[in-house]
Amino acid sequence: MSEPRVRRAEIALEQAHVDRVYARLGELRESAEQMRSKGYEIGHGAQQEAVFEQASMLFERDMMVFHANQTLHTLDAEYEGLVFGRLDYTECGEPIYVGRLGIRDADFDNVVTDWRAPASAPFYQATAQEPMDVIRRRVIRCSGAEVLDVDDDVLMASAVPDDMVIVGEGALMAALGRAKGDRMRDIVATIQKEQDDVIRAPWRGVTEITGGPGTGKTAVALHRAAYLLYRHRRQLGGAGVLVIGPSGVFTSYISRVLPAMGETDVELRALGEVLDGFTAEHVDPAAVAAIKGSLRMRKVLQRAIRDTPPDVPTRLRMVYQGQVLTLERDALERVRKRVLASGGQPNRIRVRAAEALLEALADVAEQAARDDGEAISPARRADLITELGERMEFHRFLVVWWPVLYPDEVLSWLGDPGRLARAARTTLTSDEVALLSASFADRSRGFSVADIALLDELRVLVGKPRRRRRTVESPEPERGEHAGRHRPEHYDEYSHIVVDESQDLSPMQWRMVGRRGKYASWTVVGDPVQSSWPDTAEAQAAATEAFGARTTRRRFTLRTNYRNSAEIFDLAARVVADAAEPGELPQAVRRTGAEPEVRDVDVAELKSAVPAAAEELLRSVEGTVGVISAMERVPHVEKWVSTLADERLKVVGSLDSKGLEYDAVVLVEPRELIAESTTGTRLLYVALTRATQRLVVLASDRSWLAE
């Protein structure tokens, strides 16, 4: 039976048990409602009894109603996703189902075990090294009372019975464990041990997980987060855990991996969603992203906020005791420079700017008096400053002359090439200024992923206005976020941060992420061979600054690729051979006999060749089929395959494909992927390693294929 059919059968099996649980939940709820109604009846009857008996009955009434209401509240609160796990042991017997609430049937047998109970501990604590007699650990993902998916971990591969069905990555582990020959059994033990070592590493400091495609880095990191929350809830639970992925597509993909155990302390965000109030809508071309991500942008932004805002008044004219006092453009600019030179965030020093303007007006009055052969006493100067400072016309001028700076407005100002050139000076070349100004000027597509880090930098540089700002509630739960958690805007007190695909973070993005983790321990996941950031030394320095220079760091390397078939990975390894150091590429241990196909196609034929190849793969596999192309080609590819009405088919751009996997992949024009990346073949290597079973490459030339 194929994997999708097996999965559907197992979902149906678990649905039967979940239906039983919710039926029992309904019975318990009905019983609690009857208890509450009986309590009210007792209270009504107490009115007819003697005083002593009345007090006793009212107390009994209050206790019954209180207990019933408390029970109803608990049952209602834990209704959503009540069952989320299952444990199967080596000893014969019924499996243990783990959930948000403990529920017994009418015969007092457990149908769900509370996740806090000792019997549920193996769901979090059991590992391949210490399986605690657990053969299979199953995560059950539900929406209400509906089972959506299941995924298994095999903790004792050699003990899996022949009739036990394994779904997900655990199926491969079980197959390897059952395979003949010591070598395969050794591989299973190695895979499980190297992953287990990472999951159980100390929570303090920085834990780095490196490894090539298919080595399970992401799954290990998420299991580590769940493990740490369980083992160190007092230290980590209150402040919360933040998981950061490279894209919204990726965070949606991994959201089901986190056990649905009722946790409210894990927040999932894409890099383009880290800054509250802003969401990235596109990815910049590689050349533009490389400039925006460089630490040089700090100097550019620091100068930009000290430039005169556009459209500010160029003259201040006020009358004091019949005397006209005027500050022209040059005088106003001198005041602005003097205030900014004294330091501080522009939005926090408006009072200082007001004082400097008033002092400048007083200087004008004193100069006029000297020209007339008079002098202004200190007391009169103080009176002038006080009176002018209380006038509404002065405050109206101040508001527009020293406006509150907002990060998105400042960034839009840099769409003016002249203004950007002033801020850049010698930090950027003229060509870089032209590229950046064009990007900042075009807001038709919203902000890019790289822009979000710049906006966060500007947020800190301009400062928070002195007026009180309300805190915001967390948005509706999406991509792994959980309802019920309210955090202040720009929350920076997370206890633990997980960064996935860390090799792609620019230095400016590391600064953004680092601000959220100033008190945090870290789990950092990446693969240097897949890096799309050109200056690795600059990025590593920024990462070290984000972690804290004296933070303890430990590094683990996962070396076994069990996602790709060896045939597919051999092709990917050829492409990236010149960019990889010895030992950096993982070992693929699974062979299917299906070689990847490289088909020569003229550019004009792609329109028909892409849907034809996709349709062919949809017929050959029962799982998902991904069509991967260069980012700019995605809209065209989506049109080409629009006639293939199959929900298993996904079209994704090269950058968004990171971390994803499909049963089969159609890769369109490899040369375009190389051209759109600053790191050459590394991005193509990523795309080639998304397929688990079948790979078809459509190319108009073979110059990308290393011999």
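**Reading cavities, helix packing and sheets in a predicted model**

Guide: The largest cavity is lined by Ile305, Arg306, Asp307, Pro309, Arg336, Leu340, Pro346, Trp401, Trp402, Pro403, Leu405 and Trp413. Keep in mind throughout that this is a predicted model.

Visitor: How many cavities of 30 Å³ or more are found in the whole structure?

Guide: The search returns 5 cavities of that volume or above. The largest of them holds about 80 Å³ of space.

Visitor: How do the lining residues of the largest cavity divide by class?

Guide: The lining has 9 nonpolar residues and 3 charged ones, with no polar residue.

Visitor: And how much space lies in the second largest pocket?

Guide: About 970 Å³. Its lining counts 39 residues, and those closest to the centre of the pocket are Val283, Asp284, Val449, Met631 and Leu655.

Visitor: Which helices each supply at least two residues of that lining?

Guide: Helix H8 (248–254), H9 and helix H18 (449–462) do. H9 gives the most, with 4 residues. By class, the lining of the second largest pocket is made up of 17 nonpolar, 11 polar and 11 charged residues.

Visitor: H9 also packs on H17. At what angle do the two helices pack?

Guide: The general idea comes first. A pair of packed helices is described by two values, the angle between the axes and the distance between them. Here, helix H9 (residues 286–293) and helix H17 (residues 430–441) have axes 10 Å apart and pack at an angle of about 95°. Angles of 65 to 115 degrees count as roughly perpendicular, so H9 and H17 are described in that way. On the H9 side the contact is made by Ala287, Val288, Ile291 and Lys292, and on the H17 side by Glu432, Leu435, Leu436, Ser439 and Phe440. The residues of this contact divide into 6 nonpolar, 1 polar and 2 charged.

Visitor: Now the sheets. What is the strand order in the open sheet of 6 strands?

Guide: In general, strands of a sheet pair through backbone hydrogen bonds, in a parallel or an antiparallel manner. In this sheet the order is E9-E8-E12-E13-E7-E14 and the pairing is parallel. Strand E9 (266–270) and strand E14 (553–558) are the edge strands, each pairing on one side only. From one strand to the next, the twist averages 15°.

Visitor: How many bridges join E7 to E14?

Guide: Strand E7 (residues 206–211) runs parallel to E14 and is joined to E14 by 6 bridges. Gly211 stands opposite Leu558 in E14. Helix H20 (residues 536–547) packs on this sheet and touches E7, strand E13 (521–526) and E14, its direction making about 155° with that of E13.

Visitor: Which strands stand at the edges of the open sheet of 5 strands?

Guide: The order is E17-E21-E20-E18-E19, with parallel pairing. Strand E17 (597–600) and strand E19 (649–653) are at the edges; each has a single partner strand, so one side of each has no neighbour in the sheet. The twist from one strand to the next averages 20°.

Visitor: What is the bridge partner of Ile628 in E20?

Guide: Leu667. Strand E18 (residues 625–629) and strand E20 (residues 662–668) run parallel, joined by 4 bridges.

Visitor: Which strands does helix H22 lie across?

Guide: Helix H22 (residues 606–620) lies across E17, E18, E19, E20 and strand E21 (691–699), and its run is at about 165° to E21.

Visitor: Do E5 and E6 run parallel or antiparallel?

Guide: Strand E5 (residues 134–143) and strand E6 (residues 146–154) run antiparallel, with 8 bridges joining them. Arg141 has Asp149 in E6 as its bridge partner. E5 and E6 form a hairpin with 2 residues between them, and Gly144 in the turn has a positive phi of about 65°.

Definitions and conventions
Residues are numbered from 1 along each chain as its sequence is written. This is a predicted model: local features need pLDDT of at least 70, side-chain atom pairs count only at pLDDT 80 or more; totals for chains, interfaces and linings use all residues. Side-chain values use heavy atoms; hydrogens and water are left out. On a 1 Å grid over the protein atoms alone, a cavity is a set of points where a 1.4 Å probe fits but cannot get out, and a pocket is an open set with protein on both sides within 12 Å along at least five of seven lines; lining residues have an atom within 4 Å of a point. Grid points are joined across faces, edges and corners, and a volume is the space filled by probe spheres set on the points. Ala, Val, Leu, Ile, Met, Phe, Trp, Tyr, Cys and Pro count as nonpolar, Asp, Glu, Lys and Arg as charged, and the others, Gly among them, as polar. Axes are lines fitted to C-alpha atoms, for helices over the stretch in contact, and angles run from 0 to 180 degrees between N-to-C directions. Angles under 35 degrees count as roughly parallel, over 145 as roughly antiparallel, 65 to 115 as roughly perpendicular and the rest as oblique. Contact means heavy atoms within 4.5 Å. Two strands pair if DSSP finds at least two bridges between them.
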